[in-house]
Amino acid sequence: MELEKKHLIKIANMRMPFGKYQGRVLIDIPEEYLLWMQKKGFPSGELGMLLALCLEIRINGVESVVDPLRNYPTVH
């Protein structure tokens, strides 16, 4: 996976479309839930890739890198 700024912008602004944390911004989903989802298997496609990225960011404790990107214009 090649990390791009657009991925960071998306995890700082995109909302979870389903599940226990539906409506919550992806980077704000608790690490425990992301770990559970990893064991179950992340969804396919872009959402799964973004959730896996959120988990990596949380594991490494660098969530603050994403904070300045909140409310950033969405990149398509």
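Let's start with E46, which is partly exposed, its relative accessible area being 37%. Here, buried stands for under 20% relative accessible area, exposed for over 50%, and partly exposed for what lies in between, using a 1.4 Å probe and protein chains only. E46 sits in helix α3. Helices are DSSP runs of H or I with at least four residues, strands are runs of E with at least two, and both are numbered from the N terminus. Although E46 and H7 are 39 residues apart along the chain, their C-alpha atoms are separated by 9.4 Å.

Residues are numbered from 1 along each chain as its sequence is written, and side-chain values use heavy atoms, with hydrogens and water left out.

The score pLDDT is the predictor's confidence in each residue, from 0 to 100. For the protein chain the mean is 90, and 91% of the residues reach 70 or more. Confidence is lowest in α1, with a mean of 92, and highest in α2, at 96. Where pLDDT is low, the predicted coordinates should not be read in detail.

## The overall fold

The protein chain has three helices and zero strands, giving the pattern α-α-α along the sequence. Its C-alpha trace spans about 30 × 25 × 20 Å along the principal axes. With 76 residues, a compact globule would have a radius of gyration near 11 Å, and the chain agrees, at 11 Å. That radius is taken over C-alpha atoms, and the globule rule is 2.2 Å times the number of residues to the power 0.38.

Of the 76 residues, 36% count as buried. Look too at the contacts, meaning heavy atoms within 4.5 Å. Among those between residues at least 6 apart in sequence, 56% join residues at least 24 apart.

## The nonpolar core

In soluble globular proteins, nonpolar side chains tend to be buried together. A nonpolar core is a set of buried Ala, Val, Leu, Ile, Met, Phe, Trp, Tyr and Cys residues joined through side-chain atoms within 4.5 Å. The largest one here has 22 residues, and I11, L26, I29 and L51 have the most contacts inside it. The elements that give two or more residues to this core are α1 (5-13), α2 (31-40) and α3. Helix α3 gives the most, with seven residues.

Take L51 as an example: leaving aside neighbours within four places in sequence, L51 touches M16, L26, I29, L34, M37, F42 and P43. In α1, the residues H7, L8, I9, K10, I11 and A12 are buried, and the buried residues of α1 pack against α3.

## Salt bridges

Side chains of opposite charge can pair when their charged atoms come close. A salt bridge is a side-chain nitrogen of Lys or Arg within 4 Å of a carboxyl oxygen of Asp or Glu. The structure holds five of them. One joins R58 and E63, at 3.1 Å from N to O. R58 belongs to helix α3 (residues 45-59) and is buried, at 19% relative accessible area, whereas E63 is partly exposed, at 24%. Beyond its neighbours within four places in sequence, R58 is in contact with I27, D28, I29, P30, E31, L34 and E63.

Another salt bridge links E4 and K6, at 3.8 Å from N to O. E4 is partly exposed at 31%, and K6 is partly exposed at 35%. D67 and R70 also form a salt bridge, their closest N and O atoms being 3.3 Å apart. D28, D67 and R70 are linked in a network of salt bridges.

## Aromatic rings

Rings of Phe, Tyr and Trp (its six-membered ring) pair if their centres lie within 6.5 Å; planes under 30 degrees apart count as stacked, over 60 as edge-to-face and the rest as tilted. The structure holds two such aromatic pairs. Y21 and Y33 form an edge-to-face pair, 4.9 Å centre to centre with 70° between the planes. Y21 lies in the loop between α1 and α2 and Y33 in helix α2, so the pair ties together parts that are twelve residues apart in sequence.

Y21 is buried, at 15% relative accessibility, and Y33 is buried at 12%. Ring pairs link Y21, Y33 and W36 into a cluster.

Terms used. This is a predicted model: local features need pLDDT of at least 70, side-chain atom pairs count only at pLDDT 80 or more; totals for chains, interfaces and linings use all residues.
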